[in-house]
Amino acid sequence: MRCGTAVHGAPIGLLGGTFDPVHHGHLRPAIELLERLGLAEMRLVPGYAPPHRRPPRADSGQRLRLLQYAVAGAPGLVVDARELRRGGYSYTVATLRELRAELGPRPLCFVLGSDAFLGLASWYRWRDLETLAHLVVMQRPGHALRLDDELAEWTTARQVFDPAALRGRSSGLILFQETTPLDISASRIRRLIAQGRSARYLMPNSVWECIANEGLYGYPQI
Ligand code: ATP
């Protein structure tokens, strides 16, 4: 089903993730999509307990604090902590339902990297996502988009090539949007820190300073 005839307002973007910790591979694409898609804002939505992976290393309060440092002074980037407040498994479909109820027919763009998109068909009630939001997929270095038959067919039927199309309806379209390729991952950052190496410049300095000050991810405490 494709939703939305009368839509009002610029789209809202959502980038969900564990953000354990947030890094430039999240932030630079977020800003680029904000501008290229003409979003009213890009919300970074940290998950409490991701259903598909091990629990985050840093606790909710720490990850939230790092995100707040990351977006401070960046117009249009906003932290939305609803999944942390809700607790339990952070199902995207539940978050999008809440937002849809709050925002009415305004277009919602759920943003995900190619690695996450490749696993979409394993998400809880993934086929409902299109009734709630558009999907915007950014290519992540090292995660070529080789879709299996089911996801390829589903995608082809919904794919658009012009970002302007996302403004004309509330949900239901898929856009692959180029962003600056940054081969940065939170797991590599955690590994570096645990090995006593520097992860500086892979994230905003304020985030790095907070990790160091609070001794997160095994940062050596003096
Ligand atoms: P980890 O290494 O712990 O798995 P991560 O770096 O992948 O973490 P997440 O918080 O899991 O970060 O990612 C949130 C979202 O951001 C996902 O949709 C993911 O695909 C995307 N993403 C993360 N890093 C990048 C990157 N370097 N380039 C593009 N997209 C990214």
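Start by selecting Arg125, in the loop between α5 (114-118) and β5 (134-138); helices (H or I, at least four residues) and strands (E, at least two) are DSSP runs, numbered from the N terminus. Phi of Arg125 is near 50°, a positive value in a residue other than glycine. Arg125 is partly exposed, with a relative accessible area of 46%; buried means under 20% relative accessible area, exposed over 50%, and partly exposed in between (1.4 Å probe, protein chains only).

A word on what is on your screen: this is a predicted model, in which local features need pLDDT of at least 70 and side-chain atom pairs count only at pLDDT 80 or more, while totals for chains, interfaces and linings use all residues. Residues are numbered from 1 along each chain as its sequence is written, and side-chain values use heavy atoms, with hydrogens and water left out.

Next, go to the loop between β1 and α1 and pick Phe19. Here too phi is positive, near 50° for Phe19, which is not a glycine. Is Phe19 buried or exposed? Phe19 is buried, at a relative accessible area of 2%.

Stay in that loop, between β1 (12-17) and α1 (24-36), and select Pro21. For comparison, most residues other than glycine have a negative phi, and most peptide bonds are trans.

Now show the strands. In which order do the 7 strands form the open sheet? Follow β3-β2-β1-β4-β5-β7-β6, with parallel pairing; two strands pair if DSSP finds at least two bridges between them. At the edges stand β3 (77-79) and β6 (159-160), each with a single partner strand, so one side of each has no neighbour in the sheet.

Zoom in on β1 and β4 (residues 108-113), a parallel pair joined over 4 bridges. Select Leu14 and you will find its bridge partner in β4, Phe110.

Helix α2 (residues 60-71) lies across β2 (41-46) and β3, running at about 160° to β3. Helix α6 (residues 149-156) lies across β5, β6 and β7 (174-177), at about 100° to β7. Axes are lines fitted to C-alpha atoms, for helices over the stretch in contact (heavy atoms within 4.5 Å), and angles run from 0 to 180 degrees between N-to-C directions.

Finish with the cysteines. Cys109 is buried at 1% relative accessibility, and Cys210 is buried at 5%. How many disulfides does a search of the whole structure find? The search finds 0, a disulfide being a pair of cysteine sulfur atoms within 2.5 Å.
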